[in-house]
Amino acid sequence: MRIDLHTHSNRSDGTDPVDVLIAHAKRAGLDVIALTDHDTADGWAEGRRAAEEQSIGFVPGIEISCKLTGISVHLLGYLPDPAYPPLAAELALVREGRTGRIPSIVARLNGMGVALTVDEVLAQAIGTPSIGRPHVADALVANGTVADRAEAFDRFLADGRPGHVAHYAIEPGRAIELVRAAGGVPVIAHPWGRSSYQVMTAETIARLVADHGLAGIEVDHQDHSPESRIALRRIADDLGIIRTGSSDHHGAGKIDHELGVNTTAPEQFQALLEVAKANAAASSANGPEAYLP
């Protein structure tokens, strides 16, 4: 089985509509795909329908925006109930924070002499409740300021760059507990990628497992070097937690992240489903089920 447990549609910052994403996954030879849009479950129903039509496995998920000591960390939550009130409330705050900072980002860019309006950004985010920096980047591409998202982030939008504005995010330990309480499975996304490597040490991962119930880490990811993957695999095995692999596919929004470029081993996926079953049984929430034809 070929299993990709981290992808995005245009319900957040991917470029493919949900049904197109599922069709691409089928053509790419995947057996199972997880839809993990940022801070929203809006694409789940459409994803399930498309997966049934394509006869491909479908796992509903969310990539949750977190921060640890001011550093961005992302948590993948698989099969939680998005309507579970404490989780839904936190996700709403995160989305409001992402959207609410757009005028400040635009103002900063304008102050640097970059021509951009809020309306231009919103035009790139039609149909998504989860507006973020990638949509600012897309607007900068559309008006000719930069060539692609990568350049927009490198020059203006990445953490520490002049156009970056912080937003509300959940502390990882609390996010893990919310996902578990909602009947889902919490897995740290790309722990040694981007800026999260600064805080997601082996000791931190162990603490999140022991104190909050972290179920796994994403080991095989394009942001991880071969050496990092070996080390992360060892950490996961030492802690007895799940190891996932995935593409973090964003369509045309991110190069070198093709569907299936990294995959999750079938036995690890089975372990994830078993944790989901246990967490759902222990929860008062009413989460979704994976579709596995």
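Strand 6 (residues 216-220) is largely enclosed by the rest of the structure, because 5 of its 5 residues are buried (under 20% relative accessible area with a 1.4 Å probe, protein chains only). Strands (E, at least two residues) and helices (H or I, at least four) are DSSP runs, numbered from the N terminus. This is a predicted model, in which local features need pLDDT of at least 70 and side-chain atom pairs count only at pLDDT 80 or more, while totals for chains, interfaces and linings use all residues. Residues are numbered from 1 along each chain as its sequence is written, and side-chain values use heavy atoms, without hydrogens or water.

**Strand pairing**
- Strand 5 (residues 185-188) runs parallel to strand 6 and is joined to strand 6 by 2 bridges; pairing requires at least two DSSP bridges between the strands.
- V187 lies opposite G216 of strand 6.
- Strand 7 (residues 242-245) also pairs with strand 6 in the parallel sense, over 4 bridges.
- E218 has T244 in strand 7 as its bridge partner.

**β-α-β units**
- Strand 5, helix 9 (residues 202-212) and strand 6 form a right-handed β-α-β unit (with the strands pointing away from the viewer, the path from the first strand over the helix to the second runs clockwise).
- Strand 6, helix 10 (residues 226-239) and strand 7 form a right-handed β-α-β unit.

**Helix 8 against helix 9**
- The axes of helix 8 (residues 172-181) and helix 9 come within 10 Å and cross at roughly 45°; axes are lines fitted to C-alpha atoms over the stretch in contact, with angles from 0 to 180 degrees between N-to-C directions.
- The contact (heavy atoms within 4.5 Å) involves P172, G173, I176, E177 and R180 of helix 8 and L208, D211 and H212 of helix 9.

Notes. Buried means under 20% relative accessible area, exposed over 50%, partly exposed in between (1.4 Å probe, protein chains only).
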